[in-house]
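Please study the structure before reading each solution.

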Amino acid sequence: TVTAGRGWGLPRQAPPDIGERRLALARLYNWREGFPAADDRLPPQITKPHVSGPLSKVRLDDGDLAAQFRAYYAQRGWDEAGHPTPSTLEPLGISQYAPA
């Protein structure tokens, strides 16, 4: 637990759990509102080719980005479509929000 006079008296694991819960709830909300994983993308100013400078040697390929998104979903405990799984939501105490 965080020492008296500092923080809210939360266990040390609470901040990461709060962050995980927030990300999962935001994802569930977006999913419910009709934003699928296909809408996960980087802004054009990041993905467009640069003509000069150090970024001119960097190319972001759509296939590479899709693989990176899938890896991110797996790291978060989401399925390949970017949906938080019941086994991810249960320990966060928000399994009641999982779509049927």
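This is a predicted model: local features need pLDDT of at least 70, side-chain atom pairs count only at pLDDT 80 or more; totals for chains, interfaces and linings use all residues.

**Exercise 1.** Classify the ring pair of Y72 and Y73 from its geometry.

*Solution.* A pair of aromatic rings is described by the distance of the centres and the angle of the planes. A search of the whole structure finds 4 aromatic pairs, and Y72 with Y73 is an aromatic pair. Step one: the centres of Y72 and Y73 are 6.4 Å apart, and rings pair if their centres lie within 6.5 Å. Step two: the planes of Y72 and Y73 stand at 65 degrees, and angles over 60 degrees count as edge-to-face. The pair of Y72 and Y73 is therefore edge-to-face.

**Exercise 2.** Classify the ring pair of Y72 and W78, then determine whether Y72, Y73 and W78 are buried or partly exposed.

*Solution.* Step one: the ring centres of Y72 and W78 lie 5.8 Å apart with the planes at 90 degrees, so this pair is edge-to-face. Step two: buried means under 20% relative accessible area. Y73 has 4% and is therefore buried; W78, at 8%, is also buried. Y72, at 36%, counts as partly exposed. Step three: ring pairs link Y72, Y73 and W78 with F69 into a cluster.

**Exercise 3.** Describe the setting of I46 and name the surface patch to which I46 contributes.

*Solution.* Step one: I46 is located in helix α2, which covers residues 44-47. Step two: the relative accessible area of I46 is 45%, so I46 is partly exposed. Step three: together with L42 and L60, I46 makes a nonpolar surface patch of about 220 Å².

Notes. Residues are numbered from 1 along each chain as its sequence is written. Side-chain values use heavy atoms; hydrogens and water are left out. Patches are made of residues with over 30% relative accessible area and no salt bridge: like charges are joined within 9 Å, nonpolar side chains (Val, Leu, Ile, Met, Phe, Trp, Tyr) within 5 Å. Accessible areas come from the Shrake-Rupley method with a 1.4 Å probe; for residues, only the protein chains shown count as cover. A salt bridge is a side-chain nitrogen of Lys or Arg within 4 Å of a carboxyl oxygen of Asp or Glu. Helices (H or I, at least four residues) and strands (E, at least two) are DSSP runs, numbered from the N terminus. Buried means under 20% relative accessible area, exposed over 50%, partly exposed in between (1.4 Å probe, protein chains only). Rings of Phe, Tyr and Trp (its six-membered ring) pair if their centres lie within 6.5 Å; planes under 30 degrees apart count as stacked, over 60 as edge-to-face and the rest as tilted.
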